Amino acid sequence: AEDAEWLRWVTKQFGSIAGKDKEIDLEEFKTALQVKESFFAERFFALFDTDGSGTISLDELLKALGLLVHGNETDKLRFLFKVYDVDGPCPEPGPRAGSGSIDPEELRLVLRWCLRESALALPEPRLADLTRALFEAADKDRSGSITFEELRQELEAFPGVMENLSISAASWLQPPPPAQRSGRPRYLTRLYWHNHRSTVAFLGGYIGLNLLLFALAALRHAGLGGWLAVARGCGQCLNFNCAFLAVLMLRRCLTWLRTTPVAEVLPLDQHVAFHQLVGYVVLALAAAHTGAHVANFSRLARQDGRDVLAEYLLSPRPGAGGLGDTAAQTGLALQGLLVTMVTFSCPCVRRSGHFQLFYWTHLSYILVWTLLILHGPHFWKWFAVPGCLFVLEKVVGLAGRRTGGLRIVEVNLLPSKVTHLVIERPQFFHYKPGDFVYLNIPAIATYEWHPFTISSAPEQQETLWLHVRSLGQWTNKLYEYFQQPELPSPELKPLSRSLREKRSRCWTQVGEDRAQLLANAECYVDGPYGTPTRRIFTSEHAVLIGAGIGITPFASILQSIMYRYHRRKQSCPSCHHSWCEDLRDEEMTLRKVDFIWINRDQKHFEWFVSLLTKLEMEQAEQEPGGRFLEMHMYMTSALGKNDMKGVGLQLALDLLATQEQRDSITGLRTRTQPGRPDWSKVFGKVAEEKKGKVQVFFCGSPALAKVIRAHCERFGFRFFKENF
């Protein structure tokens, strides 16, 4: 039944690609396969085109794919061998027929195209090393060529490769898997409730408190009419929620709370999400409150016989409430301000180059709270404590900024438009690994403050590091501000004296311009503020997962671990043998750390490769008996061992890494794995180690966060996500 379904699917796909002649030519084949480079498409096409007509018929396609999809290991391996065997006589242009063996030049050619297909850039000497490693391993008889049997023996040393060998780019020929629906929603599973118990309990308490406040206020005014009872109930809820909005943005207080046992009970990590939720609740309550009052005023107007609603809404009336009987007018003003604030807080506004609209409209919270005090006679009782704390936090922040700007010591422009800022560290600036600050650079934008995670370790006393990825308007302006024009190359032919003097002046001017940029780029920082990563050092087994620039908070943590290694390093005075003491103390209960870094391509690893190299060196000095820190690198653009376009390259990289004890992609000892992690296997291995309670910390895209969160729920691991 499955074969029949596959046959129908292939026939349907073939019909959608083939033209009226019911044949697929090379260009149509390339388009369907969606390959990055033409080499493999041409090789596959030549092998599929068994009659040499220059086109592929449905019968030829089914016969060839039958070997790949339903064939045995020998069929798949023979096809792979033909792909690599590119030499031999061929009377027509295009891929050559093959000679029955693979020589070093053929292997070098195929590996070069494998590198391009995997978006890898290695120098020619490195390509020669890869070719040599794979050829020497496969050429068992040292005859100078690789036969089919020798290739089979080499692949058999890698379990699971041959039986899973396929062409991943031909996924258009695989029917979509049937949708598997769980018997009940994920939100109703026991694991979900266990892993989100603090959030669920907090939401339950929040909803229950609002219902209680509404019921008490509505019952108290039930005798005055139904509409007025609804308005009073909503008003009492608004008193609480408008004050609670301030509580959720007390960043310094929340940072302090993370150091107390309260952090285990309250979902402090979701304070921004709760702030947004409460904002929407306030808007809904305000609309219901206003609507109920309007309905009540309409009823009163009809009773007076004038039926003029505008008089009740736009002019003060005795007994209307509020300061000077202006409750109706201040209420309408509040409604307009709330709608404006919520509208310009939407992500589509903030992330589309209109951050200023969000910033300035959000500053109207001062006017909102002022109008609330004038509008509601009891609001000040709810707002007194959080309002005082909010003002105190702002005063502390302003006092820190008044001390003067900080000097940007160094700026490095990294691949993928990442700006590495080295800022002088303020006096008495104490923070924890993974904390973040708000950064303001007046030369970029006078009033904009943006949050960035500190990527340097607290033990680094003189400077702060920030790595800023160019994703929005402000971050792109920052990168362009420090971007220099291309400098003149010093490796030119001998020049005349006048030209040499001109170049010297040019170099001097470039240096002066850069110094002037740094001098003008004074900056201010507000913080530090705590994040979920503060829990890492109190974990037993921590799994740190960073996607792209999401490594930033973990860079600070890994550096802090490195500094602790230095601090605890011991040396024997007799034999000078050095070792590291156990890292666990009252502030650090870690038994094991797994660090997983996922990048799209090779150049993204350059951001922190020097740091990771130092960590590996420190790790090598630890006494044998188990690795405390284990690193896992993944490159999603690279093709894996199960893909015919990547199997040779990955085998060569494995062999060379074993010989040289370092990875050819990053230079680390840790081998970079192709493709995406298999989270079931990753977390399954973590669970088998049984190093203690596992906590997973993630910083990256929301889509990947959902996937990892679902796997954490399956294995019973606690999941934390960074907001920045």
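A salt bridge is a side-chain nitrogen of Lys or Arg within 4 Å of a carboxyl oxygen of Asp or Glu. I keep that rule beside me while I browse this predicted model.

**Entry 1: Lys592 and Glu689**

I began with Lys592, which forms a salt bridge with Glu689; their closest N and O atoms are 2.9 Å apart. The two partners come from distant parts of the chain, with Lys592 in strand β10 and Glu689 in helix α25 (residues 679-689), 97 residues apart. Is Lys592 buried or exposed? Its relative accessibility is 3%, so I noted Lys592 as buried. Glu689 has 24% and counts as partly exposed.

**Entry 2: the count and a network**

I looked up the total next, and by this rule there are 18 salt bridges. Some of them share partners, and I found Arg126, Asp129, Arg132, Glu136, Glu660 and Arg662 joined into one network in this way.

**Entry 3: Glu154 and Lys140**

Then I turned to Glu154, whose salt bridge with Lys140 has its closest N and O atoms 3.1 Å apart. Glu154 sits in helix α8 (residues 148-156) and Lys140 in the loop between α7 (124-138) and α8, so this pair ties together parts that are 14 residues apart in sequence. I wrote down Glu154 as buried because its relative accessibility is 6%, under the 20% limit. Lys140, at 40%, is partly exposed.

**Entry 4: Arg591 and Glu540**

My next pair was Arg591 with Glu540, a salt bridge whose closest N and O atoms are 3.9 Å apart. Here too, distant parts of the chain are linked: Arg591 is in the loop between β9 (578-580) and β10 (592-599), while Glu540 is in the loop between β6 (524-529) and β7 (541-547), 51 residues away. Arg591 has a relative accessible area of 40% and is partly exposed. Glu540 is partly exposed as well, with 28%.

**Entry 5: His271**

I moved on to His271, found in helix α13 (residues 271-304). What does the side chain of His271 reach? I traced it to the backbone oxygen of Leu248, at 3.1 Å. Leaving out residues up to four places away in sequence, His271 touches Leu248, Leu254 and Arg258. His271 counts as buried, at 10% relative accessibility.

**Entry 6: the transmembrane record**

Last, I checked UniProt, where an unreviewed entry places "transmembrane region" at residues 200-219, 225-250 and 357-376. In the model, residues 200-219 are 100% helix and 0% strand, with end C-alpha atoms 28 Å apart. For residues 225-250 I noted 85% helix, 0% strand and end C-alpha atoms 39 Å apart.

Methods. Residues numbered from 1 in each chain as written. Predicted model: local features only at pLDDT ≥ 70, side-chain atom pairs only at ≥ 80, totals over all residues. Heavy atoms only, no water. Helix = DSSP H or I, 4+ residues; strand = E, 2+ residues; numbered from the N terminus. Buried < 20%, exposed > 50% of the residue type's maximum accessible area, 1.4 Å probe, protein only. Polar contact = N/O pair within 3.5 Å; in protein donor to acceptor, adjacent residues only side chain to side chain. Contact = heavy atoms within 4.5 Å. UniProt positions renumbered as here; feature names shortened; annotations may be inferred.
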